[in-house]
Amino acid sequence: MAEEKQIWLSSPHMSGYEREMVEEAFDTNWIAPVGPHINAFEEELAQYLKQGKVAVLSSGTAAIHLALIMLDVKSGDEVLVSSLTFSGSVNPVVYQGAVPVFVDSEKETWNMDPQLLEEAINDRIKKGKKPKAIVTVHLYGMPAKMDEITAIAKKYEIPLIEDAAESIGSEYKGQKTGSFGEISILSFNGNKIITTSGGGALVSRNEEYVKLAKKLSTQARDEAPHYQHSMIGYNYRMSNVLAGIGRGQMKVLDERVNQRRRINQFYRELLEGYSHIEFLNEPRGHYSNYWLTTILMRDEENSQKPREYLRTELQKHKIECRPLWKPMHLQPVFMDYPAYTNGTSEELFDVGLCLPSGTNMSDEDLQRISSRVKEILG
Ligand SMILES: *Cc1c(COP(=O)(O)O)cnc(C)c1O
């Protein structure tokens, strides 16, 4: 029997256009973190989002870092962050010497619970410190409750950083995610819905932020014939070669969203008959790119966790699955920071599973997943 090929959770999916773009960069010798692809990629992203200006950077994490710097987050300041997220949402808070304060999820979208957010803000103020910023995430592509969250941010006059790293192409009430924040960020890491191998972007309707991001990400050079600096800079700009890859990916972004949504539908049909398996559904007005399809598996009768059983059995057949993000307030490195919890993210981590969702899976791959899952679940 032929060796089974590895099926990944979400691997890069090139369209073919990227090569032409990269070749153009080589032919014109624009290899540096300046060049025409950078400007064009920024324009294309801004057009796609329909709001704001864009600065493309070396990563989504770098974009969050610059956002915090521009919002004047400094040593000892507090920043409210969704607890159920990837560590990239939080690490830059600590780079600034600031204190992440974690907020748990609500059950409908698994994102920051607006009610708990408001409680946390009031409690922090009561304890003597008003948080400097809020970092809210659209996990696995599902938009957070943005009306509620933006209203709270406005009410307390705390700037909102929107982490749309996982949700390029998702929409909330017809508006693309990545355009809601005072500052928003995108990621083009290798596992995301579109990729530049590694990369990110900072987005804002405030052009000054975007200008400043371009400056800070290229070592904060002042305008002078010599190298003059009056601020601390970073080496965070995206290169022209990678922006070329990004432009190739933009051509297929809508198609990728449709493909991810079809994969989500495939799993819904496959798992329809299993009453202990639950999907995350789109509340009214929420349109998900379904970057990853996720399920919850609750079954009290078995001694072995059904989620772990399915995950490890699929792993044996070279089908990669992963538990949901481990909440940040449970991470050894962040455990001592304040957290406002309600049990939701802990339970999701306990029973949730991410299924292979890459758009470069073949029909054969899906067929293989289908038969293995049926075999394992019986
Ligand atoms: C991927 C990701 C990031 C970080 O993006 P990078 O480009 O990998 O630095 C931040 N937040 C979330 C929620 C992510 O999934």
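This is a predicted model: local features need pLDDT of at least 70, side-chain atom pairs count only at pLDDT 80 or more; totals for chains, interfaces and linings use all residues.
Another helix, α2 (residues 36-49), lies across β1, β8 (183-187) and β9 (200-204), at about 130 degrees to β1.

Now for the sheet itself. Eight strands make up an open, mixed sheet, and reading across it you get β1-β9-β8-β5-β4-β2-β3-β14. The edges belong to β1 (53-57) and β14 (339-340); each has a single partner strand, so one side of each has no neighbour in the sheet. Strands of a sheet pair through backbone hydrogen bonds, either parallel or antiparallel. For β2 (residues 78-82) and β3 (residues 99-103), the sense is parallel, over five bridges.

Next, the rings. With centres within 6.5 Å as the cut-off, there are 10 aromatic pairs. One of them is Phe266 with Tyr267, an edge-to-face pair at 5.0 Å centre to centre, with 65 degrees between the planes. Tyr267 counts as buried because its relative accessibility is 1%. Phe334 and Tyr337 make a tilted pair, 6.3 Å centre to centre and 45 degrees between the planes. Phe334 is buried at 3% relative accessible area, whereas Tyr337, at 26%, counts as partly exposed.

Ring pairs also link a cluster of Phe86, Trp110, Tyr140, Trp291 and Trp325. Trp291 has a lysine over its face too: Lys192, at 5.9 Å from the ring centre. Elsewhere, Lys176 lies over the face of Tyr48, 4.9 Å from the ring centre.

How values were computed: Residues are numbered from 1 along each chain as its sequence is written. Side-chain values use heavy atoms; hydrogens and water are left out. Rings of Phe, Tyr and Trp (its six-membered ring) pair if their centres lie within 6.5 Å; planes under 30 degrees apart count as stacked, over 60 as edge-to-face and the rest as tilted. Buried means under 20% relative accessible area, exposed over 50%, partly exposed in between (1.4 Å probe, protein chains only). A charge sits over a ring if NZ of Lys or CZ of Arg is within 6 Å of the ring centre and within 35 degrees of the ring normal. Two strands pair if DSSP finds at least two bridges between them. Helices (H or I, at least four residues) and strands (E, at least two) are DSSP runs, numbered from the N terminus. Contact means heavy atoms within 4.5 Å. Axes are lines fitted to C-alpha atoms, for helices over the stretch in contact, and angles run from 0 to 180 degrees between N-to-C directions.
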